[in-house]
Amino acid sequence: MSRFIIFITLLIIVGVAGAILLTRAQVLAAPDQPIAYSHRIHVKAGIQCLFCHSSALRSAVASVPSVEKCMGCHAVIATESEAVQAVASYWAQGKPIPWNRVNRQPDFVFFSHQPHMGAGLNCETCHGDVGRMDVIQPVVKMDMGWCLDCHLKQPEEKVARLADCLVCHK
Amino acid sequence: MTKKLSRRDFFKITAGAAATTGLKAAIGRNILEPFVRAPENELPGQATWYASTCRQCPAGCGIIVRVINGRAKKIEGNPLHPLNRGKLCARGQAGLQELYNPDRLRNAVRQSGGRGSRQFEPLYWPEGIDLLAEKINSLSSPDRLAFLGGLIPDHLYHLTARLLEALGAPPPVIFDLHSALEGRNTAVKLSQTFFGEAELPVYDLAHASVILSFGANFLETWMSPVAQSRAYGLMRQGPFGGRGLLVHFEPRLSGTAASADEWIPVRPGTEGYVALGIGRLIVEERLGHVGSHRDNALLYQNVDVREMAAASEIPVEMLRRLAIAFADADRAVAVPGGYLAGQRNGLASMMAVQALNMLVAQIGRVGGVFLSDPGPTASLRMRSQVDTFDRMLDLIERMQAGKVDLLLVNGANPIFELPAAAGFTEAIQRVPFVVSFNPFVDETSVWSDLILPDHSYLEASGYQVPMPGSDRPVVSSQQPVVRPLYDTRSTADVLLELAARLGGLAAESLPWQDDVSFLQETATELHGSSLSAYDSETRAGFWALWRQYGGWWSEKEIRREPDMIGFVPQPLRVLEPEFEGDPQDYPYYLYIYPSITLSDGRGANLPWLQETADPMTTARWGTWVELNPEVARSLGVGDNDVVRVVSPYGELEASAVIYPGIRPDVVAIPVGQGHGDYGRFAERRGSNPLALVAPVTDPESGALAWGATRVRIEPTGKKQELARLESLDGAGRETLD
């Protein structure tokens, strides 16, 4: 009997530890995407981040472009590519593309792109050199320590405000 | 649970749960779904508030709707709107569930298995409109076309009336149960008698120091409940001088009665007697500060205070006390409506009440009676008010006689809303072709051949001149807050397209390309008015502001004093109330009252409203019969016992609610449930008390006398638990009995 209990306890420990490790690995991994979309190709073509992620300057979220926006160009550009044909098929069916989220804040964090863009930050500061990525992946673990790294380095008159709990945890 | 969990099982489950919880973050996915087509003006992650107009009842309150990521999320009152000033009722809040209702029709349909079969096949819109146009063209005479509507918004009424006029068809018949229960039609007749205008009066409750309310449930469903509740709050808080006094006359303790300082359960049909008694006392004993009552003596020459007191079962001393309070008040007002308007002496009773306002010279004075000033909005108003029940009966007769070949129904559900004995269900089956514009398959749509579903009001454009209005000229505008969810079409658009297809005079009198161009042309007529609360240099700018503000209104308060010049004083009549049903066989008066949440039944398909408890009994999700404890004891009936209510016209069964707040000779049943069709939340729930009601009218006004039926109660021996918010065995409840 006691052997059984030890076995069960071990199973729990292994399960929990495994899950934690997997979760940590997941933080910096590139999730699978429904379409083989490459940021590198689009940046190389000279497209600005804000062309597609157009609400970053004005809203909390940077936004993922609508399928209509993709088709704005891809109705004529690279129509023979397999990935583009996949986009066209979503468009034809009138269905949204179920992208997997790459960067994520938990729901008790009220992060907004707008003030960060307003403060003159570049997209790359947090999202890395997206222009070199074929498959988008996070480059930093976006936890509170990382946020504060930057917030605490701000000019003295701003630090008190930027380090206040209620700035992000409303 | 009888099986005991073994230690081993417990560990197994715990280990499994822990592993799953830990792994969830690793295997769980978070999907981002972008729009296929991004809505116009949409900024992801950022909420936009659109101003529009509530259509959950005919009051026309201004709303603002929070829209985020293209979806409407929350409805609130429009703080700028002069009618409701940022406030909104539960029915207004529940409007979202109309938009997202799973039982909405998603496209035009034709009933393929014959009428009443409930087998619908989808139809392309052009085909549907072609079919309708063909039916109109093949009418042997235009007067064989009939249009039946509820209180539809003004822009739609305009277009409908224009189209029918161009076709040479009879004008639309406007009738719904909600307005019958509030006595809207009789109130219009009352204004016509006193002020010479077919207009609903505005009672200035906010500034009144004494209010005598005769049956008007102005805090619940009567007329414009949000504006009136706000006014009531001001009356109580007394920013205009002291806390006001409210006395409410109604046979049942309603929410309004419970908010009053004094509730007087008057005998049904004798509300007018009370008003006459009070009036006679004021004149006879020269009460108040108006000075001479000589001119008014004529009004009360037929009135005997003792007789009035005896008939209404209210002692003379009480009448005198009320008369003194009313006459001595600085600003007193008497408000007639609701149950007394639903009697066969309805108009006479309403006149007796309105005469009190004249007696204390409160017509056109602060805290008294006004008419709303249309200002420059006059041309936008609905030209006709709600029709009498007589006109409805006339339509039913024409349908029965086979004189109607094509019936169009919009915003009305007569099969549910009319007394069953009026025979609409039989009559509609004699009409060869019926078209419904209702977005839900309700009882009437089931008998139609074609349903051309309208948008929900959150997807459509329009406008409405609130009636009764506010303290200034006002128009509420309606705009789409989201893109239409389904392949539905605004009925205004359908009528315009229909007119274009019919050609000739119809196309000439409805020349607009779509409803928005019609609205733009109509709304911008107000551009340049010096009264306007906002200003713009161009018509296009005005059109933008019209939508941003949610309408147009005057910056300043403008009240209109009613014109009494045409009023010829005549002795007020003392009319005996008459009831259907022999008092021996049917000992109780039946009082069907509009539910504060479901209204006349139109809210029954919204689960939020079904779930909202009735403020007095806390019952919900069903129909109940309110019995006085004394009556219940004599019948041997307790709470939740099913009783049968029988009238000379029909019967129904429902659970009893033992309610001390009701006269022993009255039985009250809320209206709104008992739908046979109308979606999953409404169907097969409770019973419709209209089955009991006699289809009789007040002969003077032609209004439905829905309060003029007597019933008897029979215990059935069955028991059916009602869903209630408050537990019956909880402490505190006992103190009520």
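**View 1. Helix α10 of chain B passes helix α12 of chain B in a left-handed crossing.** A crossing is left-handed if the near helix is turned anticlockwise from the far one by less than a right angle, and right-handed if clockwise. This is a predicted model, in which local features need pLDDT of at least 70 and side-chain atom pairs count only at pLDDT 80 or more, while totals for chains, interfaces and linings use all residues. Residues are numbered from 1 along each chain as its sequence is written, and chains are lettered from A, with ligands numbered from 1, in the order in which they are written. The axes of α10(B), residues 271-284, and α12(B), residues 305-312, come within 9 Å and cross at roughly 150 degrees, which makes α10(B) roughly antiparallel to α12(B). Helices (H or I, at least four residues) and strands (E, at least two) are DSSP runs numbered from the N terminus; axes are lines fitted to C-alpha atoms, for helices over the stretch in contact, and angles run from 0 to 180 degrees between N-to-C directions. Angles under 35 degrees count as roughly parallel, over 145 as roughly antiparallel, 65 to 115 as roughly perpendicular and the rest as oblique. Among the residues that meet are B:Y273, B:L276 and B:R280 in α10(B), and B:M308 and B:S312 in α12(B), where contact requires C-beta atoms, placed from the backbone, to lie within 7 Å. By class, this contact has 8 nonpolar, 2 polar and 1 charged residues; Ala, Val, Leu, Ile, Met, Phe, Trp, Tyr, Cys and Pro count as nonpolar, Asp, Glu, Lys and Arg as charged, and the others, Gly among them, as polar.

**View 2. Helices α7 and α14 of chain B pack at an angle of about 55 degrees, with their axes 10 Å apart.** That angle makes α7(B) oblique to α14(B), and α7(B) passes α14(B) in a right-handed crossing. The residues of α7(B) that take part include B:T186, B:L190 and B:F194, and those of α14(B) include B:L347, B:M350 and B:Q354. Taken by class, the contact of the two helices has 6 nonpolar, 4 polar and 1 charged residues.

**View 3. Domain 3 of chain B (180-363) and domain 4 of chain B (588-736) have centres, taken over C-alpha atoms, separated by 27 Å.** The domain bounds come from an automatic or database domain assignment. Between the two, 24 residues of domain 3 are in contact with 26 residues of domain 4. On the domain 3 side, α6 (177-182), α7, α9 (255-259) and α14 of chain B are the elements that give two or more residues, and by class this side has 11 nonpolar, 9 polar and 4 charged residues.

**View 4. Three strands of chain B form an open antiparallel sheet in the order β2-β3-β4.** The edge strands, each pairing on one side only, are β2 (48-53) and β4 (71-77) of chain B. Strand β3(B), residues 62-68, pairs with β4(B) over 6 bridges, where pairing requires that DSSP finds at least two bridges between two strands. In this pair, B:V65 stands opposite B:I75.

**View 5. Chain B touches chain A, with 22 residues of chain B in contact with 30 residues of chain A.** On the chain B side, α1(B) gives the most, with 8 residues, and the residues of that side divide into 15 nonpolar, 4 polar and 3 charged. Strand β1 of chain A (residues 99-100) and β1(B) pair in the antiparallel sense over 2 bridges, and the bridge partner of A:N100 is B:I31.
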